Amino acid sequence: MNVRIDPSWEERLKEEFEKPYFKELTEFVKNEYKNEIVYPAPGFIFRAFDLCPFEKVKVVILGQDPYHGKGQANGLAFAVDEKITVPPSLQNIYKEIQSDFAVPCVAFSEAGAKKSSLEHWAEQGVLLLNATLTVRANIAGSHQGKGWELFTDAVIKKLSDERENLVFILWGNYAKAKGAQIDREKHLVLEAPHPSPFSAYSGFFGCKHFSKANEYLIVQGETPIDWLS
């Protein structure tokens, strides 16, 4: 498989790649791609890391699984390419951004997102990390419990230990559980219900995580994220 990952991450995770669980995970994933339809494309498995090098991370947004529908998953949590129908969770994310900043979000309209790939966030330092980095087509959660969760826990701990003053955004109980790896004395952790239509009205709408993240970054002397364009 043609798998790419930014050298900054490759260096920091090389010990993780050598652990027995990751070697077993690699064999499982290779067999899945060989015998089943799996998302995202192999070259996009580590795309979140490729677009957002370790030293450039400012904000981490945690998702659960890649989208399991045809053509949806692009390697970034919550994102889809512009030609794909915008999923409800991403629509709700953009609605919250508009509400949070009380101005229209250029990237979003009710008809669909113009920048739903979210590359413009990743390139500004937003690590859009799913807990599980692959999934079998049309079967949500099919690659859970195979080792990805151990790997992404290690990623979160590496960021928590070696960086300072990051913003971790955890939506939903699954993401909140992964927050156990984060040193909350060093970093800002923002928690809310998941942006899914099933839970968005239970506290995701109105959480103002985007402005809170920017306020924190500014206090730390960092350039805020342009969530709106």
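This is a guided tour of the model above, going from a sheet to its helices and then to a few single residues.

The model is a predicted one, in which local features need pLDDT of at least 70, side-chain atom pairs count only at pLDDT 80 or more, and totals for chains, interfaces and linings use all residues. Residues are numbered from 1 along each chain as its sequence is written, and side-chain values use heavy atoms, with hydrogens and water left out.

**The sheet**

Begin by selecting the strands S5, S2, S7 and S8, which in that order form an open sheet of 4 strands with parallel pairing. Helices (H or I, at least four residues) and strands (E, at least two) are DSSP runs, numbered from the N terminus, and two strands pair if DSSP finds at least two bridges between them. Strands of a sheet pair through backbone hydrogen bonds, either parallel or antiparallel.

Which strands stand at the edges? They are strand S5 (126-130) and strand S8 (188-192), each of which has a single partner strand, so one side of each is left without a neighbour in the sheet. On average, neighbouring strands here are turned by 20° against each other, direction ignored.

Now select strand S2 (residues 59-63), which pairs with strand S7 (residues 167-171) in the parallel sense over 4 bridges, while 5 bridges join S2 to S5, again running parallel.

Next select helix H7 (residues 148-162), which lies across S2, S5 and S7 and runs at about 155° to S5. Axes are lines fitted to C-alpha atoms, for helices over the stretch in contact, and angles run from 0 to 180 degrees between N-to-C directions.

Move on to helix H5 (residues 88-101) and helix H9 (residues 209-219), whose axes come within 8 Å and cross at roughly 60°. That makes H5 oblique to H9, given that angles under 35 degrees count as roughly parallel, over 145 as roughly antiparallel, 65 to 115 as roughly perpendicular and the rest as oblique. The contact (heavy atoms within 4.5 Å) is made by Ile93, Glu96, Ile97, Asp100 and Phe101 of H5 together with His209, Phe210, Ser211 and Asn214 of H9.

**Single residues**

Is glutamate 16 buried or exposed? Glutamate 16, which has its place in helix H2 (residues 14-17), counts as buried at 13% relative accessibility. Leaving out residues up to four places away in sequence, glutamate 16 touches Tyr21, Phe22, Leu150, Phe151 and Ala154.

Proline 104, in the loop between H5 and strand S3 (108-109), counts as exposed at 67% relative accessibility. Apart from neighbours within four places in sequence, proline 104 is in contact with Gln98 and Leu228.

Finally, select cysteine 52, which is buried with a relative accessible area of 0%, and cysteine 207, which counts as buried at 8% relative accessibility. With a disulfide taken as a pair of cysteine sulfur atoms within 2.5 Å, the count comes to 0 disulfides.

Conventions
Buried means under 20% relative accessible area, exposed over 50%, partly exposed in between (1.4 Å probe, protein chains only).
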